[in-house]
Amino acid sequence: MKKAIYPGSFDPVTYGHLDIITRAATIFDEVIVAVAINRSKECLFSVKERVSFLKRAREPLANVTVTSFEGLAVKYVRDNHARIIIRGLRMISDFEYEFQMALTNRKLAPDIETVFMMPHQDYSYLSSALIKEAVSLGADVKQFVPVYVAEALKNKILKNRKG
Ligand code: ADP
């Protein structure tokens, strides 16, 4: 049984993340998408919202579950009796950060491997940060995220602006 864990902020999920999850689900027996509760990183959406967007998009896949976790990713992976971390690689700009993180995690937990996956080229430029910025400038982002995420982005960003 090969179980893999895909940790991240997913603030919010994009078609890039969803592409990685779908690919991972064809390779591993079980994929757990784990939304990080990171108190030092300010997120637009709550953990509950981020989990619910992901659940709606990918829990119909029989071997995918979505949950949240707090603290070290390697500890979470171990506690779940898994040995594989999945991360997505978009372009060279991701490489440095992902390389540092994978090697730090390997020092912390030599028994855990990080596996990098590349999304379809159509999604390789997508980032949650850029999508949030585009919405705040009035763009329609339905081609980058599921329609209910696009709606939630619009509502949240406009509400924040009014408040
Ligand atoms: P982080 O976990 O660094 O806060 P994210 O939640 O945005 O960042 O991303 C989680 C993982 O998914 C990271 O490995 C990131 O590189 C990857 N990722 C983000 N956007 C995409 C995309 N468009 N295509 C493929 N992988 C992506």
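How do the residues of the shell around the ligand divide into nonpolar, polar and charged? They split into 8 nonpolar, 5 polar and 5 charged. Here Ala, Val, Leu, Ile, Met, Phe, Trp, Tyr, Cys and Pro count as nonpolar, Asp, Glu, Lys and Arg as charged, and the others, Gly among them, as polar.

A word before the views: this is a predicted model, where local features need pLDDT of at least 70, side-chain atom pairs count only at pLDDT 80 or more, and totals for chains, interfaces and linings use all residues. Residues are numbered from 1 along each chain as its sequence is written, and side-chain values use heavy atoms, leaving out hydrogens and water.

**View 1. Who sits around the ligand.** There are 18 residues around the ligand, and Y6, S9, F10, K41 and G88 come nearest. To be near, a residue needs a heavy atom within 4 Å of the molecule.

View 2. A side-chain N or O atom of S9 is 2.5 Å from an oxygen atom of the ligand. For Y6, a polar side-chain atom lies 2.7 Å from a ligand oxygen, and for R87 the distance from a side-chain N or O atom to a ligand oxygen is 3.0 Å. A polar contact is a pair of N or O atoms within 3.5 Å.

**View 3. A look at E70.** You'll find E70 in strand β3 (residues 64–70); strands are DSSP runs of E, at least two residues, numbered from the N terminus. E70 is partly exposed, with a relative accessible area of 47%. Partly exposed falls between buried (under 20%) and exposed (over 50%), using a 1.4 Å probe and protein chains only. The C-alpha atoms of E70 and I27 are 26 Å apart, and the two residues are 43 residues apart along the chain.

Key
Polar contact = N/O pair within 3.5 Å; in protein donor to acceptor, adjacent residues only side chain to side chain. Helix = DSSP H or I, 4+ residues; strand = E, 2+ residues; numbered from the N terminus.
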